[in-house]
Amino acid sequence: MEKYQQGKISEEKTRVIVVPGEVIASGESYLPGDNTKREDKDIIANKFGLAEKEGRLVKVIPLAEKYMPRKGNVVIGKIIDVTFSGWIVDINSCYSAFLSVKECAKFLNKNNLIEYLDFGDMIIAEVLEVRHRAVDLTLKARGLGKIENGIIIKINSSKVPRVIGRGGSMVNMIKHESECRITVGQNGIAWIKGEKLENELLAKEAIMLIATKPFVEGLTEKIKKFLESKK
Amino acid sequence: MTYKRSDGREADETRKIRAEVGVVPRADGSALFAFGDTIAIAAVYGPKPLHPQHLQNPEKGLLRCYYDMMSFSVGERKRPGPSRRSSEISFVTTNALMPALQLGNFPGTVVDVCISILQANAGTRCAGINAASMALAHAGISMSDLVTAVSVGQIDGQIAVDLTKEEEDYESGGEKTTDIPISFLPLSGKISLLQLDGGIKAEKLKEAIEIAQKTCSKIYEEQKKALKNIISRKEEKIKE
Amino acid sequence: MEIADLTKKRIIEYLDEKKRFDKRKLLEYRNIKIRFGISKQAEGSASVRIGKTEVVAGVKLDIAEPYTDSPDKGSMMVTTELLPLASEKFEAGPPRINAIELSRIVDRGIRESGFIDFKKLCIKKGEKIWMVFIDIYPLNDDGNLIDTSFLAAVSALRDAFFPKMDEKKEKVEYGKLTEKKLPLKEMPFMLTIHKIGKSIILDPITEEEESSEARVSFAISPEKKEAIINAIQKGGEKELTKKEVFEIIDVAIGEWKRIYPTIVEKITEAEKRPEEKIIQSG
């Protein structure tokens, strides 16, 4: 993979590994995308990762990063505290999250908060709002709520797009081959539920493989082959 | 008469550099950096929520560096636990790394950097800064540049880089070595760490700083290589 | 984020079927890798990896006055620093109880097994003896720091040479080693058995350790081909029935007999090739 290591993006070279501060591309025709900034004629990387050119847009896909919550994201979190008005949720981000009683699908008495969601429970939630230093969650939508059974795994949030694949192609393929229900939170926490524990572990292995080798081409095919070989 | 370095190095030559990324799998980012016998390991955890809340900075994230030497890393055993020296080095290390970080993107959070010296033969704070800056990049923190450090010095009237303990302690004709740990943000050329012990004239000091900068650009190449190598290595290990 | 209760449940269910997340058997250790000589200023040092968990230990020797109740014996001090390097759970500051407990467990295992022949560490009875400092630093915590730390400490002792001593000043000349190794006897090995749900396992990974209800660490050494238990420490908040304890003791002895020859082999191999390089990334 020597070809990725040096140099700048150009018409021929569409992918380059960059460290923070490096010039990814020069010229006014390029536009600064995610994790880059423009300095005069240059597009500079703000993070360590793979710089990619998509048309005129140049962005950096970081090797790893902490999840930054965005409104509308589906995330999986763990209840770490119960207050009189809701729950504090760990969403494996730089910020903690809050789920208000008002954002629960069920009508709840303020006295039985713990009965609904207790310390250590896992939930699939949606990011309702990102305030200055905290995040508000909601359970009011289909597919959201407390998680029962199955296993939880953790991957770096920067790998989530690869695990999901274009239009869900990758994750749907894994669901099909492993016969499991899978929800991948944008925050890098995934929930896998299968009939048998073996199925859950197979899905987990496939996801972990993708998460540790993100920049490989033809990944979907390779993962499919892997899953078939294990069945 | 010029001082001859006992390991045969040129005046502007560092000891053999070893740089590796990912040595602490549990951390968000980690790296090892060695100047010859001096080996530093750094691990980064964060950005993460900072508790208690009153410590939070509403404008930007907080950087906390913790530097210490393992007790067996030096000749005479160092008692475990922080000392005034390690507290001071933690502090100047924080200031050395801060300018490269774009913590405005993470207000109210904290990034913890732990630097541990496995083996010491002078230049430990510089090795620590070099390891820490790779670890921060590895962790995916937004940065404007890496940070590169080296200790430059004046031995017997001559400027030399990456001093060993023996060179730091060298004395000739009542003149002690001057030791100058310095760090640069390599792309902007700005200085973020500057300390000095000894006795040196202004002109010589400026000369030392120039030489240090040239050396740091070579160190920067090693840091970049170490970071880029982990992506290549991950790609190569494709399971068929 | 710490392990979810839901995953804890799954781990227990899986163990009930005698299975583990990483496909190991219940009483199987992960891959053990030992390297000697990883820190050259130490009189002895070693790095031990069990799976992804890694601990380095260093031995420093110094001349000191003996304790009044043992005027002809050397002494030992074991310290562990759980730095915020190896885990986000470790905080900077004075040692917390987990660091202290770990140090003391390692200390008792080494001391009670007679591994170090303290009588041979006497320089001048009543006046000068050798003090052995063992300092333990976990580099990466992926479960089972106890067994990994103990093995690192024992390996560092096996790696150690006496430093040169200035006879006249009766002071150590650090940086210069003699060819004389420490006076060591039969090597102890530590196994920690965990109870999770109804199952007992060896060598938990992080998720299993977080699901563990109780653990019992055993330091065992050979004496005339017998397995002798030198030290025990029960940890964890849950209690154990007598039947469980008896079962755990049997498992400890049985597994020790199985693993011990392999450990001796690995240490002997490591001793032949002191490392020039150090840590490889994960």
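How many aromatic pairs are there over all chains? The count comes to 7 in this predicted model.

**View 1. A stacked aromatic pair, Trp256(C) and Tyr260(C).** The ring centres lie 4.5 Å apart and the planes meet at 25°, so the pair is stacked. Both residues sit in helix H5 (residues 242–272) of chain C. They are 4 residues apart, about one turn of the helix. Trp256(C) has 5% relative accessibility and counts as buried. Tyr260(C), at 10%, also counts as buried.

**View 2. A salt bridge between Asp203(C) and Arg24(C).** The closest N and O atoms are 3.2 Å apart. Asp203(C) lies in the loop between strand E10 (199–202) and helix H4 (206–211), and Arg24(C) in the loop between helix H1 (5–16) and strand E1 (32–36). The pair links parts of chain C that are 179 residues apart.

**View 3. A salt bridge between Arg158(C) and Glu271(C).** Here the closest N and O atoms are 2.9 Å apart. Arg158(C) is in helix H3 (residues 145–159) and Glu271(C) in helix H5, so the pair ties together parts 113 residues apart in sequence. Glu271(C) is partly exposed, at 26% relative accessibility.

**View 4. A salt bridge between Glu213(C) and Lys195(C).** The N to O distance is 3.5 Å. Glu213(C) lies in the loop between H4 and strand E11 (214–223), while Lys195(C) lies in strand E9 (residues 189–196). Both residues are buried.

**View 5. A positive surface patch on chain C.** Lys73(C), Lys119(C), Lys125(C) and Lys185(C) form the patch. Lys119(C) is in the loop between helix H2 (97–112) and strand E5 (122–124).

Methods. Residues numbered from 1 in each chain as written. Chains lettered and ligands numbered in written order. Predicted model: local features only at pLDDT ≥ 70, side-chain atom pairs only at ≥ 80, totals over all residues. Heavy atoms only, no water. Patch = residues over 30% accessible without salt bridge, like charges linked within 9 Å, V, L, I, M, F, W, Y side chains within 5 Å. Areas by Shrake-Rupley, 256 points an atom, 1.4 Å probe, with all protein chains shown as cover. Salt bridge = Lys/Arg side-chain N within 4 Å of Asp/Glu carboxyl O. Lys, Arg positive; Asp, Glu negative; His and termini not counted. Charge placed at Lys NZ, Arg CZ, Asp CG, Glu CD. Helix = DSSP H or I, 4+ residues; strand = E, 2+ residues; numbered from the N terminus. Phe/Tyr/Trp six-rings, centres within 6.5 Å; stacked < 30°, edge-to-face > 60°. Buried < 20%, exposed > 50% of the residue type's maximum accessible area, 1.4 Å probe, protein only.
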